[in-house]
Amino acid sequence: MKKILLGLLVALPAMVWAQKEEGQIVYLEKINMEAEIDGEMEGMEGMEHFKAMMKEMGKSEKVLYFKGKETLYEDYDGKISNEVSGGSDGMEFQVVMVKPESKVYQNLAKKEVIRQEDFMGKKFLIKEPIEKRKWKIGKEKETILGYQCQKATLKVDTTTHTAWFTTELPLSTGPHGYGQLPGTILKMELNDGQMEITAKNVEFKTIKSGTIVPPKKGKQVTSEEYRAIVDKKTKEMQEEMGGGGGTHIEIRTEER
């Protein structure tokens with residue numbers, strides 16, 4: 001009888017582990033946008049409301065599907081743009097922020113990542129091996145959605161990415177293809193907090209066949225070629241606006 005009980009106790013963790021190999025995590029992404037307001041407009045009626053609405057425009061929902069050793073990170077809320085409008089004292093404003101479509105597929109068994117990026121209406125496909133990232137794991141802990149998480153930081157050029165991961169979800173993955181930690185990332189701050197990503201829900205369920213598939217649309221380029229395209233077009237737009245004029249927000253989600 002003792003041998004039978006021991007066998008059941010040994011098998012139980014494996015059964016629980018298997019149940020956690022398929023499901024989805026919904027994340028809330030928030031870009032910390034600060035609208036640049038001309039000095040003469042500062043203090044005008046409606047400006048505070050405008051600023052508040054701009055902050056709301058920077059929010060969107062993403063979903064990470066996972067099954068076995070494959071994951072897919074993509075848009076979840078189905079919205080392709082955010083828009084705010086209003087006016088007072090003869091002044092009217094309308095701001096539309098179009099959300100570029102982005103997908104990140106990972107095959108952890110093959111150590112492969114495929115990204116589909118949308119920049120200025122054009123799609124690009126980036127297929128590369130998963131890069132090793134030099135995370136520094138700290139001692140700080142935080143509970144997110146009931147999961148015990150641990151802090152890790154990643155230095156990229158002059159900026160720092162911060163992640164909170166949990167070993168209670170053993171798959172080494174997270175938002176935007178980040179991972180290579182001993183667990184799943186449930187919270188991130190990219191570029192010194194310019195973008196914040198926080199898990200809203202973790203659900204274990206059967207993922208419909210055909211959901212987690214590599215993206216195929218777009219011109220195939222390397223990550224270096226894609227960054228060069230973005231940098232060139234960004235510089236051109238800034239020059240067209242007269243140097244530093246206008247507001248430009250750029251989030252890099254890949255490591256240099």
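Trainee: Which residue stands opposite V63 in β2?

Mentor: Strands of a sheet pair through backbone hydrogen bonds, either parallel or antiparallel. Opposite V63 in β2 stands V26. Strand β1 (residues 22-31) and β2 pair in the antiparallel sense, over nine bridges. Strands are DSSP runs (E, at least two residues), numbered from the N terminus, and two of them pair if DSSP finds at least two bridges between them. This is a predicted model, in which local features need pLDDT of at least 70, side-chain atom pairs count only at pLDDT 80 or more, and totals for chains, interfaces and linings use all residues. Residues are numbered from 1 along each chain as its sequence is written, and side-chain values use heavy atoms, with hydrogens and water left out.

Trainee: How many bridges join β2 to strand β3?

Mentor: Six bridges join β2 to β3 (residues 70-75), and the two run antiparallel. Here K67 stands opposite E70. The hairpin of β2 and β3 has two residues between the strands, and G68 takes a positive phi near 60° there.

Trainee: Why is strand β2 described as largely enclosed by the rest of the structure?

Mentor: Buried means under 20% relative accessible area, with exposed over 50% and partly exposed in between (1.4 Å probe, protein chains only). Strand β2 (residues 59-67) is largely enclosed because seven of its nine residues are buried.

Trainee: In what order do the 12 strands form the open sheet?

Mentor: The order is β9-β10-β11-β12-β13-β1-β2-β3-β6-β7-β8-β14, with mixed pairing. The edge strands, β9 (136-144) and β14 (219-220), each pair on one side only.

Terms used
Helix = DSSP H or I, 4+ residues; strand = E, 2+ residues; numbered from the N terminus.
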